[in-house]
Each structure stands twice: as structure tokens, then as C-alpha cells.
Amino acid sequence: MAKRSNEPILWVLFSAGGVVAAFLIPVLLFLLFLAFPLGWIESPSYTGLLGLVRLPITRVVLFILCFFSLFHWAHRFRYTLYDGLQIKHLNQLIFPFCYGGALVGSVLAGYILWNMG
Amino acid sequence: MADTITLEVTRYSPELETEPRLQEYEVPLRKDWVVLDALNHIKDKVDGSLTFRWSCRMGICGSCGMMVNGEPKLTCATFLSSYAAQGRIRVQPLRYFPVVRDLVVALEDFMGKLQSVKPWLIRKEEKPLSEGEYLQTPEQLDLYKQFSMCINCVLCYAACPVVGLDPGFIGPAAIALAQRYNMDSRDQGAQERMDVLAQHEGIWGCTFVGDCTKACPKKVDPAGAIQQYKLTATLDRLKSFLMPWGAK
Amino acid sequence: MSGARQDPAYTEFRPRWYRAHVSTWWWMGRWSYLKFILREISSVFVAWFVAELLLALTALSSGPQDYAGFQEFLRDPVVVAVNLISLFFVTFHAITWFNLAPKAMAVRVGGKRIPDLWIAGPNYLAWAGVSAIVAWFLLRA
């Protein structure tokens, strides 16, 4: 029992991230980073947007989005490096880069969202 | 349709060379011939030294798997006429396996992996004969029937890039067969198999490329079996984490 | 005679197996492999979105000037190009994800396996629904 790997936990994070990213990112990316700045759709006012983001529910949803999406990237990218570039022997570097990076990003996201003022 | 078609066949003789090469043969293009017929024609009439595996010639023994124009195929089920337009067919040994000679590959690695998942019914306690046979409803059969269709032709291994990249990966057919027994109502060996499958490479090397399912001539859907098993293994891990005192 | 016979590691009764090396470019050899790698690469654009989102939130909380500056950044042609490509990849991720999800879940009703479309379909509808809700909240802000 002890030698069972910890992959299941990482896989679950990857799966949850895949679901969250699939549902939320396309519409958010389209609106926030293309439609609004390029004027395709009338963007909300600064105060309106700030007010929306400051709501506790928004902060929680955005944190969940960031956390799981980053761990989704970490897991998928790790295997892309193993299989795509065949550098599995560099696992000692790859593993912390991926999951450590996701953790750092999540902490950063938490910090920014907490301090939205 | 033209009279003949060209086959480019891998030749490899370890006594004579260090690397395989391609040799061309012109074979009759008969409407009802499969690639295996062409290979047997070459061996019988043209070049008796050509070496390849085959047996039932009807798609059930799994012996005649080879790469045909880059796709893993059963050569007894692949018609020459499908390639009439190109005029040439490249026949090579199954990818990601060591080549022993010409079109014959070494399957010891696969056999070891298959055996490691214990593809047989495991019982903790056997019922005494007096209690009669193990009964199974059609619904219970349906749970694993698809996975039982595997003929061990290893076309799925030749399709899976992870097999080539990761020697520890148990591979599509072995995992599908493990599932065949895990899902069988008469089996009690799921935990025993999990010890092998849930190791780091075991099933986790799989990144759901999905080519194994595309290559399978028996519609086993090994990719589906593996993803379902990832879920099973995860739930099992969660259960043992939350309830470590639970009996096996 | 070729060098093979003089090879000390090879005897007459133990043939030397040929092991082909898997090329670094294995994923370019088949369309299905290439599609797979593109799907995996989509994760990089998912991470890029998160990074951009954090930049946007930082700009938002710094004040209207900083936020306007961030909007200018988003209008830079290079950034627009990157975001267009990102949109393609995150959409590609969503579509491949919903199409593959049914394979991982063998859902049975009354003993028979339900068709893949019955799982993928509701996922797509939910995707449309969630997107509409998010858009509504953003547009009325």
C-alpha cells in the first residue's frame, strides 16, 4: 500500500483544473482581453469592474479558477516535457518547476485577490 | 486496377547487418488479397528468407500485426486493393518493439507486463464444488465484455507513443485486460492488481493520446479502460486516505 | 563479412535485436500525435491566461490610470496576436476536454452504457450557460 504513487492527487488537481479552465477561461479571455480592450463590445466602467471583482464571491471564484488552472498546467506541462522533449531524466528540475510554479502562482493569486481593497 | 503492386518490406538479418533496410517486391494485385497473402506469395515464390509471424489469417489470433504505411494493422485484415491508388505499400515491423529479424518483433517485454497485472480470476476464497458454478447476469457480463475482446495483437502498443518513450508504462492492452478482470463480478483481485497498476509508471504514464483505441481491431477501447482505471485508483487512494482502518 | 560477426556481444545463437530510437520529433510523424501535442500545449495558454488575469487584477486595484495603462498594453498588436492565439488554444482545450470526458466515465443506466453524446452534450450546454452568465455579470458591471 505504501508504494502506491501520489499521482492520483496530482491527477485529480489536473482534472479539476481542466474542467474549471474549460468552462470559464474562453469567455473570460474573449471579453476581458480581446472584446473589451479592442472595443468589439462596450466594456464595463472602471468602478463597475472593480466593484464586481471586490465581491467576496468573485474573489473566491477567481481564486478557484487560478489555483486549479495552474495545477492543470503544471501536470500537463510536466508530461509534455517528459514525452515531448524526452527529458524525463531532468525530473528533479521539472517536478518542482511545474508544481512549485503552480503553488507560487496560487499564493500570488490569493494575495492579489485578498488585497483588492 | 493494375496487375501488380509494389511492397517495400523491412529486411533485417542480425548476422549480416546492424540496421534494417527496405527491400522491394512486386506482387500480384488480386482483389481479394490481403497484405498477408502478398507476404506469403513473396515467401513461397520470390524470396524464401522473408520472415514474419502469422497464424489464423482471420483476425482472431493476433499474430500478424505489422506497420502498413505507418499504421499498425493486422496484415490478414488489410486489403491490398486499399492501397491500389498509391501503388506501393510499406510493410514494417511493429513500432516501439525490438526487431528480431525482418518483420518479427520481440514481445517478451509485453508478456512480462501482461503477466504482472495477473490477467486471471483471483478469488480470496474458492466456492466449494457443491455450491455450484459462479453465476453472472448479462448486465454483469456487459460491464467487462468489451475488454475481454482483446486478442493481444499489441497493435495498441505500436500506436502508443508513451510505450516508446517510457519503458515502465504497462501499456494499453495489459491495463484493459486488468480492467476485464477487475470488473468481472466473479473476481476478487482488484486490490492485488492495483499494487502493480498504481505504481508511478503503471497507468500514470498514459496521457490519453487515444491512438490505442483507434488502432484496436477488436474495438476494445483501451484508452477508455485506462481513464476509467485512473478514476478507480484515485477513489481508492482517497478511501484509504480517509479511512485507513478499512479492511481490504 | 560485415562487422556484425566480429561483435563480441553477439553469438550465433543470440541474435542482436534492433532497437529503433524514438526521435525527438516523434510527434510530427502523425496527424493524431500532432493534434495530441497541440492539445497538451494548450495548457501553456491556460497558464498565460492566469498570468494575464493577475496582471489585470493588479492594474485594477492600483487605480484607474494603471488600469487604463493595462488596457493600452492589451491593445499592443503583439499582445493582441498572443491573445488571439490563446483564445484558439483555450477553446481547443475546452472542446477536446468535453469530447474526451465521456470516455473516462463509463456511466451505465439500467445496465446499458449511455452514448458519449449524452455526456458531452450537457457539458457543451453547461459551457454555453456558464459563459452566458459570466458575460452577463461583466456586461452589466
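Predicted model: local features only at pLDDT ≥ 70, side-chain atom pairs only at ≥ 80, totals over all residues.
Chain A contains four helices and zero strands, and its elements follow the order α-α-α-α from the N terminus. The radius of gyration of chain A is 17 Å, well over the 13 Å given by the globule rule for 117 residues, so chain A is more spread out than a compact globule. Taken along the principal axes, the box filled by the C-alpha atoms of chain A is roughly 55 × 30 × 20 Å. Of the 117 residues in chain A, 42% are buried.

Two packed helices are described by the angle between their axes and the distance between the axes. For helix 3 (residues 56-84) of chain A and helix 1 of chain C, the angle is about 145° and the axes are 8 Å apart. The crossing of helix 3 of chain A and helix 1 of chain C is left-handed. From helix 3 of chain A, the residues that make the contact include Cys66(A), Leu70(A), Trp73(A), Phe77(A) and Gly84(A). From helix 1 of chain C, they include Ile37(C), Ile41(C), Val44(C), Ala47(C) and Leu53(C). The residues of this helix contact divide into eleven nonpolar, five polar and two charged.

In chain B, five strands form an open sheet with mixed pairing, in the order 2-1-5-3-4. Strand 2 (21-28) and strand 4 (71-74) of chain B stand at the edges; each has a single partner strand, so one side of each is left without a neighbour in the sheet. On average, and with direction ignored, neighbouring strands of this sheet are turned by 35° against each other. Strand 1 (residues 4-11) and strand 5 (residues 88-92) of chain B run parallel and are joined by four bridges. Within strand 5 of chain B, Arg88(B) stands opposite Thr6(B). Helix 1 (residues 35-46) of chain B packs on the sheet, where it touches strand 1, strand 2, strand 3 (65-68) and strand 5 of chain B. The direction of helix 1 of chain B makes about 95° with that of strand 2 of chain B.

Two residues of chain B were examined for their backbone angles. Most residues other than glycine have a negative phi. Tyr96(B), although not a glycine, has a positive phi of about 70°. Tyr96(B) lies in the loop between strand 5 and strand 6 (99-101) of chain B, and is buried, with 22 other C-beta atoms within 10 Å. Lys219(B), likewise a residue other than glycine, has a positive phi near 55°. Lys219(B) is found in the loop between helix 8 (211-215) and helix 9 (222-242) of chain B. Whereas Tyr96(B) is buried, Lys219(B) is exposed, with 8 other C-beta atoms within 10 Å.

Note on methods
Residues numbered from 1 in each chain as written. Chains lettered and ligands numbered in written order. Rg over C-alpha atoms; globule rule 2.2 N^0.38 Å. Buried ≥ 20, exposed ≤ 12 C-beta atoms within 10 Å, placed from the backbone. Pairing = 2+ DSSP bridges. Axes fitted to C-alpha atoms, helices over the stretch in contact; angles between N-to-C directions. Contact = placed C-beta atoms within 7 Å. Left-handed = near helix turned anticlockwise from the far one by under 90°. Nonpolar A, V, L, I, M, F, W, Y, C, P; charged D, E, K, R; others polar.
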